[in-house]
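Try each task before reading its solution.

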Amino acid sequence: MKRLKFRVWNKVSKKMHNPQAISFDIQNCNPFAVSIPAKSWDPAEKYELLQWTGLRDEGGTDVYEADLVLIDYEIYKVHWHESEAAFKLISLKGSLEKEAGLLPTGKIIGNTYETENL
């Protein structure tokens, strides 16, 4: 079975968290509530759920959606491509898109939520 991991961006406090648990509505598979350490359940709308790609960067760090990865002197944002049902890399310089399989050759330099200067 594929291992699923998430991290969550709190839209209110502007902080990234590793959730203890995420509750999903079984009727429509949408997230219902999120629990983070030292806090009770909050509505899922308060968070942006970011899924692990299943890959790691060259340093062995897990790569999640919205991470910014440096590959060959170019910065790419990791995103989920809905119609292809796959993680892709989009260049911050333009619309150039690459397969997420290149992630092990890159280095995470931040994410779109916490890295404002890129």
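**Exercise 1.** How many bridges join E9 to strand E10, and in which sense do the two strands run?

Solution. This is a predicted model.
- Step 1: locate strand E10 at residues 86–91.
- Step 2: count the bridges to E9, which gives 6.
- Step 3: read the direction, which is antiparallel.
- Step 4: check one pair. Histidine 79 has lysine 88 in E10 as its bridge partner.
- Step 5: inspect the turn. The hairpin of E9 and E10 has 4 residues between the strands. Alanine 85 in this turn has a positive phi of about 50°.

**Exercise 2.** Find the residue with positive phi in the hairpin of E8 and E9.

Solution. 
- Step 1: take E8 as residues 67–71 and E9 as residues 74–81.
- Step 2: confirm the pairing. The strands are antiparallel, with 4 bridges.
- Step 3: look at isoleucine 71, which stands opposite glutamate 74 in E9.
- Step 4: go to the 2 residues between the strands. Aspartate 72 takes the positive phi, near 50°.

**Exercise 3.** Describe the hairpin of E3 and E4.

Solution. 
- Step 1: E3 covers residues 21–24 and E4 covers residues 31–35.
- Step 2: they run antiparallel and are joined by 4 bridges.
- Step 3: isoleucine 22 has valine 34 in E4 as its bridge partner.
- Step 4: 6 residues lie between the strands, and cysteine 29 in the turn has a positive phi of about 60°.

Key:
Residues numbered from 1 in each chain as written. Predicted model: local features only at pLDDT ≥ 70, side-chain atom pairs only at ≥ 80, totals over all residues. Heavy atoms only, no water. Pairing = 2+ DSSP bridges.
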